[in-house]
Amino acid sequence: YFLCIAILLVSLVVLIAVDWSGLNVAARIAFSGLTALGAVMAYRIVRSRQEASAQTGNWQGRYIGHVYFTYISLWIGFVIIPALNLPLPQVTVPLVAIAALAIGNVLVARYRRRVLAA
């Protein structure tokens with residue numbers, strides 16, 4: 001998973017660098033934001049590995065939080081892109097994003113409770 005996040009971030013940066021001169025201002029801002037999100041995801045996945053290695057008090061909760069952030073970020077990306085093609089994207093995109101966040105939060109909270117109770 002760590003390697004996939006790293007490849008994703010490197011590929012994104014390379015693709016943006018190659019196309020930068022052909023992008024309009026809005027696309028540059030959007031892709032810069034995606035790059036920043038990718039950097040935060042990379043940081044969080046590195047932190048999760050550090051938490052798992054150190055295993056200091058309540059490390060499982062912090063580990064799950066870091067991995068959850070990266071996982072939900074990917075899911076949001078995967079559901080927002082198709083939602084842009086639905087009728088009324090200005091309505092469907094926020095609804096789909098909120099639904100993905102809500103479902104992810106419920107599932108991870110249940111998992112976290114089970115792990116931390118053990």
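Q: Which residues make up the largest nonpolar core?

A: In this predicted model, the core consists of eight residues: Ile 64, Tyr 68, Ile 72, Ile 76, Val 79, Ala 97, Ala 100 and Val 108. Residues are numbered from 1 along each chain as its sequence is written. Local features need pLDDT of at least 70, and side-chain atom pairs count only at pLDDT 80 or more.

Q: What makes a set of residues a nonpolar core?

A: The term denotes buried Ala, Val, Leu, Ile, Met, Phe, Trp, Tyr and Cys residues joined through side-chain atoms within 4.5 Å. Helix α3 (59-83) and helix α4 (89-117) each give two or more residues to this core, and α3 supplies the largest share, five residues.

Q: Why is Ser 48 called buried?

A: Buried means under 20% relative accessible area; Ser 48 has 1%, and is therefore buried. Ser 48 lies in helix α2. Neighbours within four places in sequence aside, Ser 48 is in contact (heavy atoms within 4.5 Å) with Tyr 63, His 66 and Val 67.

Q: Why is α1 called roughly antiparallel to α2?

A: The axes of α1 (residues 2-19) and α2 (residues 25-54) come within 10 Å and cross at roughly 160°. Angles over 145 degrees count as roughly antiparallel, so α1 is roughly antiparallel to α2. The crossing is left-handed, a term for a near helix turned anticlockwise from the far one by less than a right angle.

Q: Which residues of α1 meet α2?

A: Phe 2, Ile 5, Leu 9, Leu 12, Val 13 and Ile 16 in α1 meet residues of α2, including Phe 31, Leu 34 and Arg 49.

Key. Heavy atoms only, no water. Axes fitted to C-alpha atoms, helices over the stretch in contact; angles between N-to-C directions. Helix = DSSP H or I, 4+ residues; strand = E, 2+ residues; numbered from the N terminus. Parallel < 35°, antiparallel > 145°, perpendicular 65-115°, else oblique. Buried < 20%, exposed > 50% of the residue type's maximum accessible area, 1.4 Å probe, protein only.
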